[in-house]
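Here's a quick briefing to read alongside the sequence and the 3D view. Take a look at the fold, then work through the points below.

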Amino acid sequence: MLSFRDQLVRWQGRVFIGSILAMSFWFVLDASALSSFTVYAGFNILVTFISTTAAVIVILRHIKDSSYDSIFLIPALLFSSAIYLGKAIDSLIHSSAPPIVKILSTVVGDTFELFLLGVLFLLSVRYKNVRTTMSLNRTRQVVLLTTVGSLIIYWLFQNILITQWSATFLIGFGVLVGTTTVILFMVTAYLSFNKRSQKQEHDHILLSFAFLLFAVSSIFITIASLVNTALWILAFVLQGTSLLIIMVAVTTPYLHNQGVSHRGSSFFIRGLLLLIFSPFVIALLAEIFWPLYYSENIGAYAFAHLIAACLAFVLAYLVYRSTIGELSWGRYPLIVLFISWALADLASIFIFTYLKNGLVSESLVPFIVSSMTSFLALFFSVRWTSNPPEYFQRTGLRKWIVFGSVLTGSTIAFGEVTLTWFLTGTPEQRIRAVGNVWLLVITLMTLIVFVVSLVKHFSRDGGKMNLDVATCSFVAIWIFPNILKGTFPVWTAGWWIGEIFRIVGLVLCLGLLGVLYLNTLVKTRELQAQTVLFRDILAHDITNYLQVIYVSIGLAEMKEELLTEGNLDLELAKENIERASNLIKNVNVIGRLESSISQTL
């Protein structure tokens, strides 16, 4: 079995090779990729999800271990997430891609962004010395203020200060800040590399490599502030690659500390990367091979959503059946989650067929509401897995499932009516752009809770695939199409790929859940057979023991004059009572063992 250090070395090699391939791939396709705002928005969303996932892992690590040294990674990663999300939102609202050669003020703004990020990463490496002078609560307050303060400083610089400076001053400032940023990241890489022999909170070698890539990115940005060049594109990709490496560097040690095996952590990271990268890769391929594809097929749209609704209802039913006889509080919110998906599909068909309101495209209200329901369902699923609610045990969870479903449907109807009343006369393109932004923001929130829920379920059983992990992972088939739905215009190639993927994903998930459910049924039947066998054994043997007890007591009553012999018979009776008690205990132990085996598939 590989040691933890050997496992990290294996991941380092994979990330090094992957980084080189990613940079080469983008450098070849940069001009064609940035010809569309959807690819630019998709890449920003990709980097946002990477940064957010890394931040979630760091927060989970801090919650588990209050002595965690690298807590200031949180403001750095959250700052990066907010910046890239803002770029994606700006691209979607204006439906425009940036030019291949950026203007000077934008390049200098990107340079200052990297400078702030370099300061935050340097603080995260040096935090061990800061922690000795501050309490834990004060440290958390400083982390929150640092995150908010960094965003405010960047906003003031980008929207107020930079607009008042001359071109000559901007060039000098850009070179100065760019050079300082390179030095910051080089120092941060050196300090992180020197921490490699300390306790394995992170893979410090990978972190050092990520900081070096940031330094190289800063060099390219500085050159772009001096000369009109497209090198900022490569710098853009280097930043995303660096954040990807940081995500791997913090996730692998965390899963290992949670008791997950190397195979389990590898499987988790690959699945997460597949979910995060798929929308961007599809956006890139769609814009390269089918840039002008447009097909307004209402019949196919209605059929696809009807099939998706039926499959979601079946998923909800299977999850509900899996809770019978095996009470898992964390699965009950997921039943509402799947029902909300089905309601969103049915509502979208009804709205598009009967309540178009003059719109050519579909309404995003059902998907926004269902994404909010998915967020809340995952949140309660995480909480109820470790802390079942007592008040639900009294009132009954079935009533709350009905209540959640009715509330979701009512919210969809209310949202659609509100949209009709208050946005009458607003251009459809504007409505769609705002809806895309809302959908992506709520999808990002859902991704955060999804990662937390998946990590909790995955690490609870040491990285084994069980019914809870599988059910939670199905949320990916809602997140992925929503990203494409919020990025691509309606009826285009990328939008249709999202529709098709959701149906295919639901079919695959239904098959996987069906297999796991059948395995549960088989285990349950085996357990019932074992129960019958144990009951027969218990009834037969205890009957024999009781017969001995009755006979012994009868003999003792007949031999009252023989006190010694009577005492011996009574002792024999007590001995058989103890044997019967031990038999019952053994049967209970075996029954509990069979029950635990039936829960682990």
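Helices (H or I, at least four residues) and strands (E, at least two) are DSSP runs, numbered from the N terminus. The expected span of a helix is 1.5 Å times one less than its number of residues. What you're looking at is a predicted model, where local features need pLDDT of at least 70, side-chain atom pairs count only at pLDDT 80 or more, and totals for chains, interfaces and linings use all residues. Residues are numbered from 1 along each chain as its sequence is written, and side-chain values use heavy atoms, with hydrogens and water left out.

**The whole chain**

- The chain has 20 helices and 0 strands.
- Of the 601 residues in the chain, 51% are buried; buried means under 20% relative accessible area, exposed means over 50%, and partly exposed is in between (1.4 Å probe, protein chains only).
- Take the contacts (heavy atoms within 4.5 Å) in the chain with a separation of 6 or more: 84% of them join residues 24 or more positions apart.
- The accessible surface of the chain is about 27,800 Å², and carbon and sulfur atoms supply 68% of that; accessible areas come from the Shrake-Rupley method with a 1.4 Å probe, and for residues only the protein chains shown count as cover.
- There are 0 disulfides in the structure, a disulfide being a pair of cysteine sulfur atoms within 2.5 Å.

- Helix α9 (residues 231-257) has 27 residues and reaches 40 Å from its first C-alpha to its last, close to the 39 Å expected.
- Most of α9 is covered, with 24 of its 27 residues buried.
- After α9 comes Gly259, which has a positive phi near 90°.
- Helix α18 (residues 476-487) has 12 residues and reaches 17 Å from its first C-alpha to its last, close to the 16 Å expected.
- Because 12 of the 12 residues of α18 are buried, the helix is largely enclosed by the rest of the structure.
- The buried residues of α18 include Trp478, Phe480, Pro481 and Lys485.
- Trp491 sits in the loop between α18 and α19 (493-558); its phi is positive, near 75°, though the residue isn't a glycine.
- Trp491 counts as buried, at 2% relative accessibility.

**Charged pairs**

- Side chains of opposite charge can pair when their charged atoms come close.
- The count here comes to 4 salt bridges, a salt bridge being a side-chain nitrogen of Lys or Arg within 4 Å of a carboxyl oxygen of Asp or Glu.
- Asp110 and Lys87 form a salt bridge through their side chains, at 3.8 Å from N to O. Asp110 lies in helix α4 (residues 104-125) and Lys87 in helix α3, so the pair ties together parts that are 23 residues apart in sequence.
- Asp110 and Lys87 are both buried, and a network of salt bridges links Lys87, Asp110 and Glu113.
- Arg502 pairs with Asp345 in a salt bridge, with the closest N and O atoms 2.7 Å apart. That pair links distant parts of the chain, since Arg502 is in helix α19 and Asp345 is in helix α12 (residues 332-354), 157 residues apart.
- Where do Arg502 and Asp345 stand, buried or exposed? Arg502 is buried at 5% relative accessibility, and Asp345 is buried at 0%.
- Glu499 makes a salt bridge with Lys485, with the closest N and O atoms 2.4 Å apart. Here Glu499 belongs to helix α19 and Lys485 to helix α18, 14 residues apart.
- Glu499 is buried at 4% relative accessible area, and Lys485 is buried at 3%.

**Other residues to look up**

- Asn44, in helix α2 (residues 37-64), is buried with a relative accessible area of 0%.
- Leaving aside its neighbours within four places in sequence, Asn44 is in contact with Tyr84, Lys87, Ala88 and Phe236.
- Gly86 is in helix α3 (residues 73-94) and is partly exposed, at 36% relative accessible area.
- Gly86 and Val437 are 351 residues apart along the chain, and their C-alpha atoms are separated by 9.9 Å.
- Val148 is found in helix α6 (residues 136-161) and counts as partly exposed at 40% relative accessibility.
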